[in-house]
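Here are my notes on this one, as promised. Have the viewer open while you read.

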Amino acid sequence: MLQGFSISNVEDKWSWDGDTSAVFSVAGFKALLEKDRGGNRAHSMKWEGWVPIKVNMVSWRAEFDRLPTRGALTKRRINIVDVSCPLCETGNEEVNHLLVGCGFSYGVWSFICKWCNLDPFFAYDVEDLMQLYRNVHGDTK
Ligand SMILES: [Zn+2]
């Protein structure tokens with residue numbers, strides 16, 4: 001089992017073999033993840049510095065369908081008796097339903113639009129929602 005194995009006096013060290021630079025970087029790790037996924041997923045989310053970090057995190061998790069909704073937990077084989085939305089009970093609690101399809105979320109978005117002097121919007125899915133900020137220009141007053 002140990003054939004071909006030799007012990008040397010060289011000090012142990014960590015090395016990154018994710019790319020040819022052998023130096024770990026977040027960008028290199030991100031590129032490696034993209035490569036493993038086939039690199040065909042378009043990421044529309046931009047990390048915004050002026051947004052609270054918890055909002056950025058929820059947005060990021062929503063884009064990747066990583067929010068622990070009842071539907072997502074069921075897909076991960078966690079036994080959930082009722083996957084319906086607890087807010088409206090008209091759809092399953094999935095990311096798209098919670099953020100754009102639920103009547104309750106529509107009311108929240110309407111309130112936010114009114115509060116920020118924005119025109120009301122309609123999004124079909126989370127990706128639409130993530131793209132929305134690029135096209136929204138509020139009143140400067
Ligand atoms: Zn709902």
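The points below go from the overall fold to the core and then to one helix.

1. First, a reminder that we're looking at a predicted model. The chain comes out as six helices and zero strands, so to read it along the sequence is to follow α-α-α-α-α-α.

2. If you take the contacts with a separation of 6 or more, 29% of them join residues 24 or more positions apart.

3. Now the core. The largest nonpolar core has nine residues, and the list runs Ala 62, Cys 85, Val 95, Leu 98, Leu 99, Val 100, Cys 102, Val 126 and Leu 129. As general background, nonpolar side chains tend to be buried together in soluble globular proteins.

4. Have a look at Val 100, one of the core residues. Leaving aside residues up to four places away in sequence, Val 100 touches Ser 105, Ala 123, Tyr 124, Asp 125, Val 126 and Leu 129. Val 126 and Leu 129 from that set are also in the core.

5. Then there's helix 5, residues 103–115. Its 13 residues reach 18 Å from the first C-alpha to the last, close to the 18 Å expected at 1.5 Å a residue. How many of the 13 residues of helix 5 are buried? The number is zero, so helix 5 lies largely in the open.

6. Last one: just after helix 5, check Asn 117, which takes a positive phi of about 55°.

Definitions and conventions:
Residues numbered from 1 in each chain as written. Predicted model: local features only at pLDDT ≥ 70, side-chain atom pairs only at ≥ 80, totals over all residues. Core = buried A, V, L, I, M, F, W, Y, C linked by C-beta atoms within 7 Å. Buried ≥ 20, exposed ≤ 12 C-beta atoms within 10 Å, placed from the backbone. Contact = placed C-beta atoms within 7 Å. Helix = DSSP H or I, 4+ residues; strand = E, 2+ residues; numbered from the N terminus. Expected span 1.5 Å × (residues − 1).
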